[in-house]
Amino acid sequence: MGGERFGSFGLTTPPARRAMPADEAVALLKSGAAKPGSLIGYGNGRSYGDSCQNDAGMVVDMRPLDRIRSFNAETGVIEADAGVLLCDIIAHAAPYGFFPAVVPGTQFVTIGGAIANDVHGKNHHRRGTFGCHVESFTLLRSDGRTYRCSDTDNAHLFMATIGGMGLTGLILSASIRLMRVPSLDIVEKVTRFRDLGEFFDLADAADRANEYAVAWIDQLAGGHGRGRGLLLTGNHAEHGSHAAALAGSRLSVPVRPPFNVLNRPFLTAFNAAYRWKKGRSSDARQAGYQGFFFPLDGVRDWNRLYGPRGLFQHQSVVPEVVARRAVPALLEAARRAGQGSFLTVLKRFGDVRSPALLSFPRPGYTLTLDFPNRGEKTLRLLAELDRITVEAGGAVNPYKDARMEPETFAASFPQWQRLEALRDPAFLSGFWARTAKKLDARRGAAEAAE
């Protein structure tokens, strides 16, 4: 087993050479015979870097664990295996008037992956992260024991596993508390803004008035158009559909082209067309949930358009007090480097606290940028974006990363050692090996020298 099925979404990290079926991994862990650093769970491959890879060992294919075990139509609590996809949860709960309280930008993530990465959505200002809505889960560790984890049972493992990037063991199943909604449809409103200053002036009121809020930035616009974009807000429609749409699309990119299709001329034309089409009316309109939450899911394997070298995604968060300075600096760094971003998204995180030991969202503004991999030129830009973020007191998202330096990770997550202390010794990822383990080795060498 292996190949592109077990790759990372950014396509810059080599796919796993070896994969183990979930049932074999469960048997191995229960026997207590798993070797140190030999495993990492793999869901549906929507992480962009190497947080779901393990070059020194193998990935565990969790998708076969795909059973929805129970659903309480009164409380909205659903229990499902870790390999169940978010789209399956939506389809199962929709007829009863429930929807996940937090959804990321794709519905093709597993429940285990959503917990392990503590994913966020367009309503962090109201609902926090996915982990805020986890009632409990079962966790299998290499000591052969299965732990039931919640905020009262094995609370230390509960906190470490949410946002723990799969390092504390295998999540086997979980109970998630869904949100009651009047319908799946969304009443969407689009507001144009001329520059980032105008966006920041609009953001607080938009969050207070709406369940969902996110901004699209025309990253390539220069001159008087610099920082322009669209603020998209939404709420569930009072009268709309309770039927989940068929997940997936007939449209697909069947093979990787030999070059990057999403080049600068294409992006310039795309941005102009998107801004005109999406922003031509400021009237509220009712739309299906898939187009609002998961627009890129409409083209299967769209990441292949970046060509043979793949893409890097950079997501940062900076405190609100410095956002008006730091966000323009991040965008300016990309412009100076001559790099165009196909996806440029800006949104505001609220102060809803996650139960996770390590969680990327925190109060402030988060900016997401996608860049084609142009080798050293792109790596220099990403390092500069890291520098601006860290100096602003912010953080870089680890499950979107494929190359950050250990120091950037330590500055972003100063409590990383607490997760290392609770990491299951049999579990290790490429990300953890190149960041936390290097930091740990340096710390050990410094202590020995003293």
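In the predicted model, a salt bridge joins the side chains of E211 and R127, with an N to O distance of 2.9 Å. This pair connects distant parts of the chain, 84 residues apart: E211 lies in the loop between α6 (196–209) and β12 (212–217), and R127 belongs to helix α4 (residues 124–127). E211 counts as buried because its relative accessibility is 5%, under the 20% limit, whereas R127, at 29%, counts as partly exposed.

A second pairing is formed by the side chains of E188 and R285, at 3.1 Å from N to O. Here too, distant parts of the chain are linked, with E188 in strand β11 (residues 186–193) and R285 in strand β14 (residues 285–287), 97 residues apart. E188 is buried, with a relative accessible area of 3%; R285 is partly exposed, at 43%.

Within helix α10 (residues 376–391), R387 and E384 are three residues apart, about one turn of the helix, and their side chains meet in a salt bridge of 2.6 Å, N to O. Both residues are partly exposed, R387 with a relative accessible area of 37% and E384 with 23%. A network of salt bridges links D50, D386, D401, R403 and R434. In total, the structure holds 27 salt bridges.

The largest nonpolar core comprises 59 residues, of which F99, I111, I115, F130, F137, I176 and F293 touch the most other members. Strand β9 (residues 170–177) supplies the largest share of this core, five residues. Beyond its neighbours within four places in sequence, I176 is in contact with G76, V77, I78, I111, I115, F130, H133 and V134. Another core, of 30 residues, lies apart and includes A215, A323, L330 and A334.

Conventions: Residues numbered from 1 in each chain as written. Predicted model: local features only at pLDDT ≥ 70, side-chain atom pairs only at ≥ 80, totals over all residues. Heavy atoms only, no water. Core = buried A, V, L, I, M, F, W, Y, C linked by side-chain atoms within 4.5 Å. Buried < 20%, exposed > 50% of the residue type's maximum accessible area, 1.4 Å probe, protein only. Helix = DSSP H or I, 4+ residues; strand = E, 2+ residues; numbered from the N terminus. Contact = heavy atoms within 4.5 Å. Salt bridge = Lys/Arg side-chain N within 4 Å of Asp/Glu carboxyl O.
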